[in-house]
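Hi,

Here is the structure I promised to pass on. Have a look at it first, and then read my notes below.

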Amino acid sequence: MAQTEKWIKSFEHFSKKITDEKSFLNELDSAIGDGDHGSNLTRGVAAVNEKLEQQSYDNLSDLFKDIGMVLVSKVGGASGPLYGSAFISMAKQSKESDDISSLLSSGLDGITKRGKAETGEKTMVDVWAPAVDALKEGTLDQSVIDSALESTKDMKATKGRASYLGDRSIGHIDPGAQSSAYFFESLLEAGVTDE
Amino acid sequence: MAQTEKWIKSFEHFSKKITDEKSFLNELDSAIGDGDHGSNLTRGVAAVNEKLEQQSYDNLSDLFKDIGMVLVSKVGGASGPLYGSAFISMAKQSKESDDISSLLSSGLDGITKRGKAETGEKTMVDVWAPAVDALKEGTLDQSVIDSALESTKDMKATKGRASYLGDRSIGHIDPGAQSSAYFFESLLEAGVTDE
Amino acid sequence: MEKTGIIIVSHVYEIAEGIHRLIKEVAADVDVQVVGGVDIKEIGTSFDTTLAAINNSSAKNLLAFYDLGSAKMNLEMAVEMSDKTVKIYDVPVVEGSYTAAALLQAGVNQENIEEQLEEMHNVK
Amino acid sequence: MEKTGIIIVSHVYEIAEGIHRLIKEVAADVDVQVVGGVDIKEIGTSFDTTLAAINNSSAKNLLAFYDLGSAKMNLEMAVEMSDKTVKIYDVPVVEGSYTAAALLQAGVNQENIEEQLEEMHNVK
Ligand SMILES: Nc1ncnc2c1ncn2[C@@H]1O[C@H](COP(=O)(O)OP(=O)(O)O)[C@@H](O)[C@H]1O
Ligand SMILES: Nc1ncnc2c1ncn2[C@@H]1O[C@H](COP(=O)(O)OP(=O)(O)O)[C@@H](O)[C@H]1O
Ligand SMILES: [Mg+2]
Ligand SMILES: [Mg+2]
Ligand SMILES: [Mg+2]
Ligand SMILES: [Mg+2]
């Protein structure tokens with residue numbers, strides 16, 4: 001299967017997980033934010049799916065660019081420009097290489113360039129960074145994702161809405177980390193990570 | 001004529017000046033504020049006049065209190081709580097004495113307690129303070145009022161909306177100082193200041 | 001523990017209503033009272049609507065926020081005439097009230113909320 | 001001299017509209033563009049409405065203000081894709097944009113406006 005098809009498959013998995021777990025993501029966001037992370041991303045992936053149905057893609061760059069642009073326009077929350085920047089960054093990188101770890105490494109750069117978060121600040125970066133590291137070493141699996149996600153629980157948020165809560169943000173899983181866990185699980189399930 | 005009647009007469013003069021000079025006061029306020037000082041006070045004095053028509057007063061304290069309460073409710077701008085506090089303060093003081101300089105000195109205290117402005121900050125205080133000083137010495141006349149008012153022109157505002165303009169507030173008469181000049185002129189015209 | 005609420009006084013009707021919407025999203029259980037404008041059309045603030053909002057709160061203890069100086073004057077007068085405990089904070093009206101509301105919702109006490117607000121103290 | 005305008009991005013429709021009213025009172029001649037919410041009902045911000053507002057301004061040079069961090073991200077993306085000069089200020093959205101507008105109306109240049117904004121700098 002061509003890389004574009006695998007990526008589209010992966011996005012389908014991601015969409016389904018997000019949509020199925022909309023309430024759960026909202027719940028996570030209610031505890032330390034404004035309770036809309038699931039609704040935001042569900043709106044975003046629905047708009048992406050509409051776009052993908054209308055178009056066919058023969059290269060990753062066009063696919064990623066469309067996904068990214070739809071997400072920044074439709075999501076509404078911080079996760080919009082963040083996931084959007086990840087895809088736009090991957091669109092650029094895919095012109096150089098379609099190596100999975102170099103692509104996702106660029107995606108992570110897009111996120112950190114946009115949101116200026118480092119690891120340990122209780123954001124989606126705390127899933128993306130260890131996942132990209134594992135990809136580089138060829139060791140990404142469910143357990144890597146699970147433990148990265150779990151690690152956000154004890155962190156104190158210093159970026160995004162959760163940062164307003166200071167110490168009270170401790171003890172909760174970060175919603176963006178949860179949706180990012182779904183994102184990497186989808187990559188595994190669609191076989192994007194297979195060589 | 002009893003003091004209450006003289007004060008009511010004086011407020012009539014003040015009302016007429018404010019209403020006649022509404023546009024001019026708005027114009028002064030446009031230069032260094034939001035352009036509503038004339039409209040604010042015109043609304044305020046109209047509401048006071050309505051109240052005064054319905055009531056008769058045999059003591060200064062009730063009169064001042066009613067004027068003050070109507071002004072804080074109806075004026076809408078900073079001048080509402082400031083003139084309002086002046087009258088509410090005079091209402092208290094009038095139970096001790098109806099001496100004009102002690103009354104107006106309390107009025108000034110009400111203004112500075114509320115607005116925390118000292119002289120030189122380009123506010124109504126720059127007319128009230130020299131006028132009260134002159135009253136204490138029995139020397140209040142039109143020229144004292146005129147020169148106090150004029151002095152606000154070269155001041156830099158450090159209180160109220162005009163303070164946002166910094167140096168650009170210099171070169172304009174302060175609107176609240178102008179309405180306060182009308183206030184003291186009205187006292188002179190109604191003979192409140194005569195012994 | 002005594003219930004703590006929030007009051008916001010803005011010069012403009014829409015700003016007050018908008019902050020109310022923004023805050024309720026993160027602080028559904030906090031009593032938030034807002035006053036905006038002299039009325040729906042006229043920009044400004046007034047003493048009596050401010051006092052009414054303070055009295056309207058189900059909380060006896062209130063944290064107060066405002067936009068421009070004259071709103072603070074009306075707040076101070078209203079506080080003097082109310083028998084509730086109201087503390088006025090000289091912090092950005094949107095950012096400050098949002099922070100306080102989110103922390104109240106999370107059960108943080110006033111002292112700790114003040115520490116966080118202190119960082120955004122502003123000459124207004 | 002090049003014309004300088006203002007753009008304000010808020011999470012809430014009413015906050016943006018309200019700030020617009022507050023500002024126009026003291027800065028009638030300044031081009032002020034506002035974006036509030038994902039739309040009139042939905043709280044949030046989006047990249048394309050922000051870009052549209054930047055392009056809609058009659059000014060080539062813009063001072064930008066926002067309420068919460070995600071609005072800043074959308075602003076930054078929009079700025080990158082626009083060919084106007086837009087500088088984003090991390091200051092209180094109401095108080096900061098009011099100050100900038102009043103000073104622009106008075107003919108103060110950007111450098112001096114920034115000095116005044118500097119005093120209200122905030123970690124947002
Ligand atoms: N500066 C940032 N850098 C990285 N991730 C961030 C940042 N700010 C927020 N996030 C992520 O976004 C998630 C919240 O997304 P969402 O609820 O859609 O946005 P909003 O907070 O605007 O409602 C957080 O859980 C966090 O993972
Ligand atoms: N802190 C203050 N102390 C004393 N006077 C003040 C203060 N703030 C404003 N003023 C006076 O109020 C006047 C403006 O009144 P007004 O236009 O009715 O209020 P606003 O500025 O709210 O529109 C100013 O010209 C000044 O004289
Ligand atoms: Mg959210
Ligand atoms: Mg949101
Ligand atoms: Mg005014
Ligand atoms: Mg006004």
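Before the contacts, one term: I call two residues a polar contact when an N and an O atom, or two atoms of either kind, come within 3.5 Å, and within protein one of them must be able to donate a hydrogen and the other to accept it. Please also keep in mind that this is a predicted model.

Let's start where chain A meets chain D. With that term in hand, there are 6 residue pairs in polar contact between chain A and chain D, counting pairs with both residues at pLDDT 80 or more. On the side of chain A that touches chain D, helix 4 (60–74), helix 5 (79–93) and helix 6 (100–115) of chain A each supply at least two residues. Helix 5 of chain A gives the largest share of that side, with 4 residues. The contact takes in 17 residues from chain A and 17 residues from chain D. About 1,400 Å² is buried between chain A and chain D, and carbon and sulfur atoms give 54% of that area.

Side chains of opposite charge can pair when their charged atoms come close. Across the interface of chain A and chain D there are 5 salt bridges, while the count over all chains is 32.

Another is between Arg114(A) and Glu80(D), with the closest N and O atoms 3.2 Å apart. Arg114(A) sits in helix 6 of chain A and Glu80(D) in helix 3 of chain D, so this pair joins two chains. Is Arg114(A) buried or exposed? Arg114(A) has a relative accessible area of 6%, so Arg114(A) is buried, whereas Glu80(D), at 47%, is partly exposed.

Within chain A, Lys159(A) and Glu121(A) also meet in a salt bridge, 3.2 Å from N to O. Lys159(A) lies in the loop between helix 8 (142–151) and helix 9 (175–190) of chain A, and Glu121(A) in the loop between helix 6 and helix 7 (125–136) of chain A, so the pair ties together parts that are 38 residues apart in sequence. Lys159(A) is partly exposed at 27% relative accessible area, and Glu121(A) counts as buried at 13%.

Chain C has one to look at as well: Lys72(C) and Asp90(C), with the closest N and O atoms 3.0 Å apart. Lys72(C) is in helix 3 (residues 69–81) of chain C and Asp90(C) in the loop between strand 4 (85–88) and helix 4 (93–105) of chain C, so parts 18 residues apart in sequence are tied together.

Now to strand 3 (residues 61–66) of chain D, where 6 of its 6 residues are buried. Asn61(D), Leu63(D) and Phe65(D) point one way from this strand, and Leu62(D), Ala64(D) and Tyr66(D) the other way. Strand 3 of chain D pairs in parallel with strand 1 (residues 4–10) of chain D over 6 bridges, with Val9(D) opposite Tyr66(D). Strand 3 of chain D also runs parallel to strand 4 (residues 85–88) of chain D, joined by 4 bridges. Together with helix 3 (residues 69–81) of chain D, strands 3 and 4 of chain D make a right-handed β-α-β unit.

Best wishes

Definitions and conventions
Residues are numbered from 1 along each chain as its sequence is written. Chains are lettered from A and ligands numbered from 1 in the order in which they are written. This is a predicted model: local features need pLDDT of at least 70, side-chain atom pairs count only at pLDDT 80 or more; totals for chains, interfaces and linings use all residues. Side-chain values use heavy atoms; hydrogens and water are left out. Buried means under 20% relative accessible area, exposed over 50%, partly exposed in between (1.4 Å probe, protein chains only). Two strands pair if DSSP finds at least two bridges between them. A crossover is right-handed if, with the strands pointing away from the viewer, the path from the first strand over the helix to the second runs clockwise. Contact means heavy atoms within 4.5 Å. Buried area is the accessible area (1.4 Å probe) that two parts lose on being put together, summed over both. A salt bridge is a side-chain nitrogen of Lys or Arg within 4 Å of a carboxyl oxygen of Asp or Glu. A polar contact is a pair of N or O atoms within 3.5 Å; within protein, one must be able to donate a hydrogen and the other to accept it, and residues adjacent in sequence count only if both atoms are side-chain atoms.
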